[in-house]
Amino acid sequence: MKKYKRQRELLNLVQREDYLNNLLDLSEYELAAYYTINQLDKRIIFERRTDRARIGYAVQLCLLRYPGFVPSNPKDIPLDIIEFIGEQIDVSPNEFLRFLERPTSLREHRQEIKERFQFTSYSKQYDIKLLQHLEKAAEENQSTLNMLTLLINYLRDKKIIVPAFSYLETIIWQAKFESDQIAQQKLMSLIPSDQIEAINALLELRNQSNLSNLGWLKIPTKQASANTFKLIDEKIMYLNQFSYVAEQLPISILKQKEYYRLANIYEASSLKELNTQKRIAVLICFICQKRKQLIDQAIQIHASIMSSSIKHSKKKLDEITKKKKKALTTTVKRYVEIGELLIQAKEKHQNPIDLIQKQLKWDVFVADVAAAKGLQDTVVFDYYDFLTNKYSHLRTYSPALIKNFTFHSVDSSQSVTDGIQILRKVVETKQRHLPRSTPTEFLSERWKKYVFCLDGKISRKHYELALLDTLNNQIKAGNIAVKGSERYQSFDSYLVSKQEWKSLGQEQNHLAVPLDFESYIEERKKTLDESLQRLSAELPQSDLAFIDANRIKIRPLSTVVPREAEIFSQVIGSNLPLTRITDLLLQVNHWCPFFHEFVHASTGEILPVKDLNKLCLAILALGTNIGLKQMADHSPGVTYDQLARITRWYLQEENIEKANALFVNFQHNLPIASYWGDGTTSSSDGIRKKVPVSSLHASYDGKFGYKKDITIYRHLADQYQAYSTKITNSGDRDATHIFDGIINHNTDLDIAEHYTDTHGYTNQVFGFAHLMGINFAPRIKNVSSMRLYHMGEIPDNLVEIVTNKINPSIIKDNYQDILRIAHSIRERKVDGSLILAKLGSYARKNSLAQAANEMGKIEKTIFLANYYIDELIRRRIQKGLNKGELMNALTGLGRT
């Protein structure tokens, strides 16, 4: 290995200390597995004459076996390890402290252990082997801690004593450096030599402006509009000139994301200062990732515009319907009023005209007659009638969508892609009418009424509208793939392959159900029957629920929190001192040094201590949405440029996630946290907040009038740790995002039970939660209206309530595919939100979606059968959701 003047240290002292503590923080099972002393060991240990020598020898022997070294400071060895070893040889742990008073004995014993038990001291001859062992991990851009663990495990297996962590960090640094060089060379080989300048042109000014081409491409997409779509299309067309940059690059995804992140952080002038190989590699990854991102955003904007157009059309139809209803009511009232006058005139022999004119103004009467004539119109409106009015707006961007994007049929949508091809030719040749050979198989009966004219010709306007609408729906369902996209590919491409799935055994898939359908359905049928039998037996005597009009209704729970507890809580709160948030952050960092996770995006170095206060201010500015400019204006001695620099280089999403995970784990291990829970249950909820700026995630939902809003979807553990937070579109259902937080968090929490409100529940969530071993327990609004299902005999007193039957055959036909989906989500192959959104977009007749729905019905019925009559379940759910509401109130994210 190349020699360096100094070692390349990748971890700081705190990180090394934490890593060592984690290595030696063992469960009772692990203590027994690693440190059980056999009879031969004892014979050798008892060759020592004194207790302190025996326990000193035994502890070193055990530590050289696991973790493979003795800490440089033996006092760092946890007491439980020394106690466990001492018990086996009947020696007090205090004797080990006496042993440490003689460093000479420590060295002599270690040397003897090496010789008698055939351990080998580390030497530089092993450097090459360690580098070879790290090749794959470095290529995958794994973290320093993961690579350190790989090295320690390798050396322990070879009975080579692990050297100092700082030395291994040098090996890891070299492995990463060599991996970077190889990755850069692979990327450089993709580019023809005459195209290097074209790549470098990304860093030049655009059209004599003050913005480089790279800077122009990095301008974020702020809103879903036709003009934004056209701007994105322009950027995609610019990137398409680099056709030699393939969709799939020959380096790991993590390495691509690292280079892409650097391209987003570096200014064009800074990239010019990099050596040619690294600069080109960074720009290639930027081109590849940015092109995918822009295509995804373009499709998302099309979906948003179509959704908005349909929503407005339905609103218009609703307004007309309400007006007609109101006019009809007014006409009927007027008819009754005039009828009564006519009856009066006849009975009293009066002039009816005089009576009407006396009671009503004549012009009002004439207007009412005219309005009544309008009600004779028998035309039935559909919202499609008003969608036609959006055609000119959609046409401002749809030609670019049809012409410049490539769509592939995946399932039964070939007629849609064929229609796009026909329409593309019509657009390119500027024809006004569609040929009679235009495919129409994809048209619904509803659309056909508008597309086909009386003379049999096809209405181009309505055909385009139908095509754009159907295209949007089929893309969301995964039946049509978009070339170059990352998010809108075929459904199957997101999952583990069928071949890989078949090769997995029961122990390798980490699912909570049998792989064969018969065992699964037999077990679920038994559990379902038992749940219904229990419900039947306990319901008549239950104080929690009762039957009324063939429905099971529940009684509200009484409060269990004493009034004195609430008063005491208020007293404690009133006595807490007012503290600046920045001071609070610094204090917490003193307990749990999470600031060390905010490393420089390029160099990997930790933020200097002198800048910690500025980091606090940047976190506060972004966390409260104050903004860096306002924060700098109100912070003496701090400038906007300083906060912007720290934000750009240190506040990366990856760093924030690591810091939060460290925070969560620290709180999880505090003794006081056990009073709130054990970290195995959690809740999630979406909080809608209005936003003053444009965003792709923001949309109108009526809650804030003409203000747009977004949804902050947060997962909260029972110990009050927010272990996952994400921004979602306010139009998304909460249930879509449940598994993203539960599965994808990187903390020590092991979530076994999860609570949501009604918005977080669907049958499919019930089904997949069970498959992945998660007990899903939502609080459902109008729970008495929920349908219950059966697969066998129904108890007599539930016959009128449990009226629906599960369809096992459709589950059987799709069982392996459903398991493959659950496995892919569990193993983080794909986000649960992506898969659930696609399943939710499927037509009702889709067998895969139906199977997932049927499996969910089983789990929902089992849950409800227990929920109705089990007070502990209901209180557990209520308690879990109340914690979320309390956290929202604390952080100012309460519902407004």
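Strands here are DSSP runs of E with at least two residues, numbered from the N terminus, and two of them pair if DSSP finds at least two bridges between them. The model is predicted, so local features need pLDDT of at least 70 and side-chain atom pairs count only at pLDDT 80 or more, while totals for chains, interfaces and linings use all residues. Residues are numbered from 1 along each chain as its sequence is written, and side-chain values use heavy atoms, leaving out hydrogens and water.

**Exercise 1.** Find the order of the strands in the open sheet.

*Solution.* 
- Step 1: begin with β6 and β7, which run antiparallel and are joined by seven bridges; T711 has T728 in β7 as its bridge partner.
- Step 2: go on to β8 (residues 753-756), which runs parallel to β5 (residues 681-690) and is joined to it by three bridges. Here S683 stands opposite Y755.

**Exercise 2.** Is strand β6 buried or exposed?

*Solution.* 
- Step 1: recall the cut-offs: buried means under 20% relative accessible area, exposed over 50%, partly exposed in between (1.4 Å probe, protein chains only).
- Step 2: check one face, where D709, T711, Y713, H715 and A717 are buried.
- Step 3: turn to the other, where I710, I712, R714 and L716 are buried too.
- Step 4: nine of the nine residues are buried, so β6 is largely enclosed by the rest of the structure.

Conventions. Helices (H or I, at least four residues) and strands (E, at least two) are DSSP runs, numbered from the N terminus.
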